[in-house]
Amino acid sequence: MIKSIQHFEEVGIRNLEKEVEKFLKNPKDMASFVYGIQDNIIKLGLDIIKETLESCDETLRNSGKRKKDWQIVKKDEKTLITSLGKVCFEKTLFKNKVTGERGYLLDRILGIEEHERLTEDAEAKMLEESVETSYRKAGQAISISEIVSKQTVKNKIHSLEFQNEYKDLLNKKKVKYLYIDADEDHISLQFRERKGDLVKNDNHMKNNCIITKIVYVYEGIEKEGPKSKRNRLINPYYFCGTYSGEDNSKLWDEVYDYIRCNYDIDSIEKIYLNGDGGGWIKAGKRRLAGLTYVLDEFHLSKYMIRATSHLLDSAEEARQEMYKTMRSGTKREFEKVIEKILKVTDGEATIKRVKESKEYILSNWSAVKVRLEEKEGIVGCSAEGHVSHVLSSRMSSRPMGWSRMGVDKMAHLRAYYYNGGDMLELVRKQRRQTKAAGAEENDIISCEEVLRSEKNKRNELGKYMESISHSVSADVRKYAWFNAHIWGL
């Protein structure tokens, strides 16, 4: 660290003084002044990181614990990309005296792979950008002065592992009603199993879509503000992913685990499941006992319109009759209403559309009645909006193609993001296994040894700090003169 302090005094302050002098000569060029200060501070920060890492490596070389089991082989250069920029430093290759194993002990202590180029903070920056924009922009945003390829970003995204670890709260929330909304988005694939395997069907359309599911749990709705007309969900928690086949049960198990760990189930009178009648959504009702399934109003209205739009001036009257029958009538009475509509319907396509609407409503009859009876606690379903906001805005609203793994990983990442997850913590979770494997090497050098090494240099540090203080004081006087000069104009 001595060298860093010297660098700060001899180079850092001198460069900053040059930028100040340039600005004093041309005060109107504020942008160049700010950029100059920024570049010098970034350079200084990277130098400090470099020298700190090399200092840790030197402490490893001098460690008595290390000398018992590991011998020095050679020094190599390592390059890391941090969120500040690229850092190049020297590290030592060691060889185990017993096993003959070779390794860079500094890498193991830092918890990074031997060929890893990105630090945790840089990866976190990458995830923060990729979850909102694109792989290319994420590669550009990873660092102030460095970029990585979109392929590198893609590889990192694909390697992510998401494990829902819900803590069983001691003071669980007590609510009267709890709500679950479920829907899906259709994401375009570049290929199904391998490149080039997409073929067009009879309608000249490629079968390249994959269903991505979204489920979210919340406690109700409220106004965004006293004067706002917009509503927002109360404490929503999101689950997203492909969850195909048997994994659908895994999705609902995750939902149940979240509810069980966060809410006092005995205090909940009703849990409402809002959905569009999809088979995987109805499976959630079977998987989680006690749910009351409610058909969302968007799809109910959609099929009502499909069944009556061709009636022109009589359409509204027909819909009112359908509503009345669904609210208080029977299935047979509803079928009679549809029969009356079919008698005045011409065209094979239109007749088919009316019949499809009838089948859809009848197959969700009990869920329709729950929606229309307007029982206490029933709220509107916002699934369509959340599909657009949480999934489509990043994954399908603009032309783009995904791999199966990419779709699933990004969907999980979007859920993690909207649940308020910390990207740096996510990166650290990915590396815990590596750190656990390096637990033995971590014992080679202790924090006490590093602190003891720095303590021996404390007296020497003092004189440099005093010199810096003197330099800074001189600059403060210069800024004071400049301030007085400007205000005196």
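This is a predicted model: local features need pLDDT of at least 70, side-chain atom pairs count only at pLDDT 80 or more; totals for chains, interfaces and linings use all residues.
Q: Is Y243 buried or exposed?
A: A residue is called buried when its relative accessible area is under 20%, and exposed when that area is over 50%. The relative accessible area of Y243 is 6%, so this residue counts as buried.

Q: What is the phi angle of Y243?
A: Most residues other than glycine have a negative phi. Y243 is not a glycine, and yet its phi is positive, at about 45°.

Q: Which strands lie on either side of the loop that holds N235, and what is the phi of N235?
A: The loop that holds N235 runs between strand 7 (231-233) and strand 8 (237-241). N235 is not a glycine either, although its phi is positive, with a value of about 50°.

Q: What is the relative accessibility of N235, and how is the residue classed?
A: Partly exposed is the class between the two cut-offs, which are under 20% for buried and over 50% for exposed. N235 is therefore counted as partly exposed, since its relative accessibility is 38%.

Q: What is the strand order of the open sheet of five strands, and which of its strands stand at the edges?
A: The open sheet has mixed pairing, and its strands follow the order 8-5-4-9-10. An edge strand has a single partner, so one side of it is left without a neighbour in the sheet, and this holds for strand 8 and strand 10 (291-295).

Q: At what angle does helix 8 run to strand 5, and at what angle does helix 16 run to strand 8?
A: Helix 8 lies across strand 4, strand 5, strand 8 and strand 9 (270-275), and its angle to strand 5 is about 15°. Helix 16 (residues 404-418) lies across strand 4, strand 5 and strand 8, and its angle to strand 8 is about 175°.

Technical notes:
Residues are numbered from 1 along each chain as its sequence is written. Side-chain values use heavy atoms; hydrogens and water are left out. Helices (H or I, at least four residues) and strands (E, at least two) are DSSP runs, numbered from the N terminus. Buried means under 20% relative accessible area, exposed over 50%, partly exposed in between (1.4 Å probe, protein chains only). Two strands pair if DSSP finds at least two bridges between them. Contact means heavy atoms within 4.5 Å. Axes are lines fitted to C-alpha atoms, for helices over the stretch in contact, and angles run from 0 to 180 degrees between N-to-C directions.
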